[in-house]
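Please read the following report alongside the sequence and the model. It takes up the whole chain and then a single residue.

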Amino acid sequence: MAAPQTSGYLQSNDPTKPRSDAAVPFRDIIPSPDHPRIAGIENHDALSWCESRRQIEAPAWLINRLEKKNLEPYEGFTSDGKVRERLYEYAKDEGAPTEEVIEKVKELMQVLSVEEKKAVHCGEITDDDFRLWSNPELYMNPGGLRLDECSPQIQTAIHSVLKASTSPQGYEKILGCCLTNDFLGHLVNGKKILNEHSYNFRLFGTPSLTSPWGYTFFGHHLCLNVVFLGKRMVIGPTFMGAEPDRIDEGPHAGLRLFRAEELESLKLMQSLPKELQDKATLSKGMDGKSLPADRWNPFDERHLGGARQDNRVVPYEGCPVSEFPPDKQQSIINLFRAFNEYYPESVLQQRLALFRKHMNETYFAWIGEFGDEDPYYYRIHSPVAFMELDFHCGIFLTNTTPARCHIHTVNRLPNRGDYGRALIAA
């Protein structure tokens, strides 16, 4: 089925060119209660909201694409359809906090009922269900523990697992995504669907220091796939986003997400020599009329590595980073750190070393303009890294062209690094 041309939620007076400066523009584009984007949302829970979206052609297309019945067997994300073997190098002990996470999982199990223990275990790490994550608020594949249906004690225990798995700044970003989702629910009166705990936690395998195991944590604008094997770990693919990108009231006022990923990339693009800017730019236009049909839809927009793209073929495009001056190559490394800051520091150092090893095969691509207020898309792509940032049209906010207050970031590990497959095979 061909992708729809719009999200299906538009009104004729929706703004086509919202302000996108740094002055919290989302306040200009909050929908009215009767706007088709949110009309009746206060009367729904997550499941009934998803069913109501099935009655609209465009979101129905997205729901169908994400349903379990359409999940393809896993092959791997590649640049040419052929998986390059033995790219990933793992030390025997990378300092992953496996014992600490196992202890937190044990503490979680102690507060679960028999039924909840059964629900949270969803198979083995190599089962297809491990790949059944998605980033919209649309809840079409129930399973595991849905946090907003759990007790505060269980919610806290699950967050303790996340916190033990990640760096301090990584957990703060994860929590920031949850809090910003809650803020969106407040803005649109949809807290039963969009809240701090509208996420699913699923455990795969048996926590162990000798066998592979892991978990998924996913929901609106936050998806983590985490695998442990001994003192090694993989986090990926991941999806992190926000609509809006900041909180401007209440106890979390001042929280702003993805500042480094946004500002470091813009500074880099603005400072490149013109010939490298031109080489990196795939398109000045960002809409479906400016891009090939398979490079845009109204939900993913320009990003290519999101949910159900596990086997996608994306060729290297843009400018080779090897042509950048040394200080601009360092900017690429800084961006890699920002995208991967959820790793504990000792594990991140291993990932950085591998990324540096393939810098001569790394490409930087850009779509859009690069003025201080312009929305844009970029990606960094190598045999062992695929990172995207994309500014989007509104799904809940009413802007019909991309604005800087709606951000998606995607982080994948090409050539079967995703889901720990290369780690398990090592």
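In this predicted model, the mean positions of the 48 positive and 59 negative charges of the protein lie 3 Å apart, where Lys and Arg count as positive and Asp and Glu as negative, with His and the chain ends not counted, and where the place of a charge is NZ of Lys, CZ of Arg, CG of Asp or CD of Glu. Local features need pLDDT of at least 70 and side-chain atom pairs pLDDT 80 or more, whereas totals for chains, interfaces and linings use all residues. Residues are numbered from 1 along each chain as its sequence is written, and side-chain values use heavy atoms, with hydrogens and water left out.

The protein has 11 helices and 11 strands, which are DSSP runs (helices H or I, at least four residues; strands E, at least two) numbered from the N terminus. Some values for the whole protein follow.

| Property | Value |
|---|---|
| Box of the C-alpha atoms along the principal axes | roughly 55 × 55 × 45 Å |

Of the 426 residues, 59% count as buried, that is, under 20% relative accessible area with a 1.4 Å probe, protein chains only.

P344 belongs to the loop between helix 9 (326–339) and helix 10 (345–357), and P344 is buried, its relative accessible area being 11%. Leaving aside residues up to four places away in sequence, P344 touches P97, S165, T166, S167 and M233, contact meaning heavy atoms within 4.5 Å. The C-alpha atoms of P344 and A164 are separated by 9.2 Å, although these residues are 180 residues apart along the chain.

Key:
Buried means under 20% relative accessible area, exposed over 50%, partly exposed in between (1.4 Å probe, protein chains only).
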